[in-house]
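Subject: Structure handover and notes

Dear colleague,

Here is the structure that I promised to pass on to you. Please open it beside this message, and then read the notes below with the model in view.

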Amino acid sequence: MKNPVERLRDALLAGHPERAALVYTPHNRRYLTEFPSSDGALLVTNEGSYLLQDSRYVEAAGAEAKYCEVLPFTALTESLVELIKKSGVKEVLLEVGKLAYSVADKFRREFEAVGVNVVLDTTLDNQLIAMRQIKSPEEIKKMEDAQAITDATFTHILGMLKEGVTEREIAIEIEFHMRKLGAECNAFDPIVVFGPNSSKPHGVPGDRKLQPGDFVTMDTGARKAGYNSDMTRTVAYGYATDDMKKLYNKVLEAHMAVIDACKPGVKCCDMDKVARDIIDAEYPGLFGHGLGHGVGFEIHEWPRFSRLDETLTEVGMVITDEPGIYVPGKYGVRIEDMLLITEDGCRTLTGSPKELIIV
């Protein structure tokens with residue numbers, strides 16, 4: 001398989017000798033060059049690709065960045081103008097989806113001042129999305145490595161669940177343990193909620209102390225080599241009532257039904273419906289969020305298992321399967337795996353057990 005810069009060039013620049021693509025946003029720059037930095041730009045032309053970095057990053061980029069020539073800059077826009085003029089470029093595609101208007105407008109004014117047309121539509125964004133939502137074997141391995149850290153941390157945390165421990169203390173231990181195991185950082189701030197707080201899908205860890213009979217929901221992920229993992233597990237502390245077990249098993253039923261139904265060529269909205277129909281039949285209105293989302297360089301990518309996304313699943317997509325039931329003021333349950341779409345179905349990248357654990 002060609003490297004990502006070559007694929008971008010083939011898709012957007014072939015047949016257009018005077019066109020270039022300017023990639024500015026950090027996640028897309030890292031995706032194309034494998035080098036992380038908070039500033040800079042990647043200019044891809046038909047003749048080459050050039051990663052512009054300031055003095056904070058230029059030495060590291062020279063040693064680590066791939067598929068590009070690293071060039072230093074003091075003033076980014078001025079350096080880009082000179083490089084564009086030297087390359088004979090007459091048209092530049094810009095990202096627009098996550099590019100601040102002020103930045104896009106500055107590029108437009110500076111480039112047009114030297115006779116270069118700026119394309120401010122979704123052409124570049126759409127191509128990058130199409131590339132990023134299909135993971136290569138190398139990308140999948142990095143996500144598996146990140147998930148291995150997440151699984152190991154979950155096992156570690158089960159031993160930390162003691163009466164009186166707070167949500168915040170568990171969240172801090174999750175962050176520390178992932179870093180200790182080699183994570184670049186957490187993929188996102190951990191969600192750790194006990195008892196009635198578990199009815200809040202994105203509850204913030206606070207000072208509530210763990211008590212017997214609590215559900216404990218932990219939504220966690222690690223980042224490794226730029227790629228994220230995402231997993232949710234709900235366990236019970238001390239004991240679980242019959243109603244708690246019934247609710248948990250309904251979420252598990254929906255979760256497993258998605259795994260059984262997931263394969264290439266299925267509409268993402270139909271995958272959402274598989275889980276939603278099961279839950280709504282017994283717990284109507286208590287599954288409010290979408291079933292899942294793509295994961296990769298960002299924790300929320302494309303496509304999405306939602307009622308609004310008609311994208312067809314393809315081999316190489318990694319999408320979460322995270323149905324939940326949330327009873328306000330009482331408790332909630334969510335079970336989440338990352339699913340890799342394969343030729344004959346899907347494969348979960350998540351190793352932690354799904355059955356109800358009572359600690």
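Why does Tyr227 count as buried? Tyr227 counts as buried because its relative accessibility is 4%, where buried means under 20% relative accessible area, exposed means over 50%, and partly exposed lies in between, with a 1.4 Å probe and protein chains only.

Before going on, please keep in mind that this is a predicted model, in which local features need pLDDT of at least 70 and side-chain atom pairs count only at pLDDT 80 or more, while totals for chains, interfaces and linings use all residues. Residues are numbered from 1 along each chain as its sequence is written, and side-chain values use heavy atoms, with hydrogens and water left out.

**Aromatic rings**

A pair of aromatic rings is described by the distance of the centres and the angle of the planes. Here rings of Phe, Tyr and Trp (its six-membered ring) pair if their centres lie within 6.5 Å, and planes under 30 degrees apart count as stacked, over 60 as edge-to-face and the rest as tilted. A search of the whole structure finds 6 aromatic pairs. One of them joins Tyr31 and Phe297, an edge-to-face pair with 6.1 Å from centre to centre and 90° between the planes. Because Tyr31 lies in helix α2 (residues 26-33) and Phe297 in the loop between β13 (292-294) and β14 (301-305), this pair ties together parts that are 266 residues apart in sequence. Helices (H or I, at least four residues) and strands (E, at least two) are DSSP runs, numbered from the N terminus.

Tyr31 and Phe297 are both buried, and for Phe297 the relative accessible area is 5%. Phe297 also forms a tilted pair with Tyr227, at 4.4 Å centre to centre and 45° between the planes. That pair again links distant parts of the chain, since Tyr227 belongs to strand β11 (residues 227-228) and Phe297 to the loop between β13 and β14, 70 residues apart. Elsewhere, ring pairs link Tyr24, Phe107 and Phe111 into a cluster.

**The six-stranded sheet**

Strands of a sheet pair through backbone hydrogen bonds, either parallel or antiparallel, and two strands are taken to pair if DSSP finds at least two bridges between them. In this model 6 strands form an open sheet with mixed pairing, in the order β4-β3-β2-β1-β5-β6. Its edge strands are β4 and β6 (117-119), each of which pairs on one side only. On average, neighbouring strands of this sheet are turned by 25° against each other, direction ignored, where axes are lines fitted to C-alpha atoms, for helices over the stretch in contact, and angles run from 0 to 180 degrees between N-to-C directions.

Strand β3 (residues 49-53) pairs with strand β4 (residues 69-72) in the parallel sense over 4 bridges, and Leu51 has Val70 as its bridge partner in β4. Together with helix α3 (residues 58-64), β3 and β4 make a right-handed β-α-β unit; right-handed means that, with the strands pointing away from the viewer, the path from the first strand over the helix to the second runs clockwise. Strand β1 (residues 19-23) and strand β5 (residues 91-94) are likewise a parallel pair over 4 bridges, with Ala21 opposite Leu93 in β5.

**A hairpin and some backbone details**

Strand β16 (residues 324-327) pairs with strand β17 (residues 331-334) in the antiparallel sense over 4 bridges, and in β17 the bridge partner of Val327 is Tyr331. These two strands form a hairpin with 3 residues between them, and Gly329 in the turn has a positive phi of about 75°.

Most residues other than glycine have a negative phi, and most peptide bonds are trans. Glu34, in the loop between α2 and β2 (41-44), is not a glycine and yet has a positive phi near 65°. Tyr67, in the loop between α3 and β4, is also not a glycine, and has a positive phi of about 65°. Tyr67 is partly exposed, with a relative accessible area of 32%, and Glu34 counts as partly exposed at 30% relative accessibility. Finally, the peptide bond from Trp302 to Pro303 is cis, with omega near -10°, and Pro303 is found in strand β14.
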